[in-house]
Amino acid sequence: VQLQACGGGLVQAGGSLRLSCAASGDPFSTYNMGWFRQAPGKERAFVAVINSGGSSTYVADSVKGRFTISRDNAKNTVYLQMNSLEPEDTAVYHCAASSRYSLFNHNYQYWGQGTLVTVSS
């Protein structure tokens, strides 16, 4: 499956962005989907995961209550709604697909190219 993320940009602290990740190729609805982020000088970190049917989600503690993951299988797209953004959320955000419902990036077989989110203070 090929993944294309978009929706990043520059936003002030307290603002919102919605990232999208469009999939093509293998049936999107068979994959669990995750969002990860990599800040400058840091390792890639888990942000959120949603199961293939969209009935189960989990988000990292650092974004709980602020970020929401969702998907539309009819549109082959997964979303990350980010509210109350903080400068610490500045990173390149990647979507990824996995046959497993996982928080660990090594379990993800397919990755998008990433979209940059910059939050100014």
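Colleague: Is R66 buried or exposed?
Modeller: This is a predicted model, so the value is computed from predicted atoms. Buried means under 20% relative accessible area. R66 has 12%, so R66 is buried.

Colleague: Which residue forms a salt bridge with R66?
Modeller: R66 sits in the loop between β6 (57-59) and β7. The partner lies in the loop between β8 and β9, 20 residues apart from R66. The closest N and O atoms of the pair are 3.9 Å apart. The partner is E86.

Colleague: Is E86 buried, exposed or partly exposed?
Modeller: Buried needs under 20% relative accessible area, and exposed needs over 50%. E86 has 33%, so E86 is partly exposed.

Colleague: Which residue meets D89 in a salt bridge?
Modeller: The N to O distance is 2.9 Å. D89 is in the loop between β8 and β9, and the partner is in strand β4, 52 residues apart. The partner is R37.

Colleague: Which residues are linked in a network of salt bridges?
Modeller: A search of the whole structure finds 4 salt bridges. One joins R66 to E86, and another joins D89 to R37. The network is R37, R66, E86 and D89.

Colleague: How far apart in sequence are the parts that the disulfide ties together?
Modeller: The structure holds 1 disulfide. C21 and C95 form it, with their sulfur atoms 2.0 Å apart. C21 lies in strand β3 (residues 17-24) and C95 in strand β9 (residues 91-98), so the pair ties together parts separated by 74 residues.

Colleague: How far from C6 is the nearest cysteine sulfur?
Modeller: C6 is in no disulfide. C6 is partly exposed, at 42% relative accessible area, whereas C21 is buried.

Colleague: How many residues does the largest nonpolar core have?
Modeller: Strands that each supply at least two of its residues include β3, β4 (32-38), β8 (77-82) and β9. Among the residues with the most contacts inside the core are W35, L80 and Y93. L80 is itself in contact with W35 and Y93, among others. The core has 36 residues.

Colleague: What accessible area do Y58, Y101, L103 and F104 have together?
Modeller: These residues form a nonpolar patch on the surface. Y101, one of them, lies in the loop between β9 and β10 (110-111). Y101 is partly exposed at 36%. Together the patch has about 380 Å².

Notes
Residues numbered from 1 in each chain as written. Predicted model: local features only at pLDDT ≥ 70, side-chain atom pairs only at ≥ 80, totals over all residues. Heavy atoms only, no water. Disulfide = S-S within 2.5 Å. Helix = DSSP H or I, 4+ residues; strand = E, 2+ residues; numbered from the N terminus. Buried < 20%, exposed > 50% of the residue type's maximum accessible area, 1.4 Å probe, protein only. Patch = residues over 30% accessible without salt bridge, like charges linked within 9 Å, V, L, I, M, F, W, Y side chains within 5 Å. Areas by Shrake-Rupley, 256 points an atom, 1.4 Å probe, with all protein chains shown as cover. Salt bridge = Lys/Arg side-chain N within 4 Å of Asp/Glu carboxyl O. Core = buried A, V, L, I, M, F, W, Y, C linked by side-chain atoms within 4.5 Å. Contact = heavy atoms within 4.5 Å. Lists of a residue's contacts leave out its neighbours within four places in sequence.
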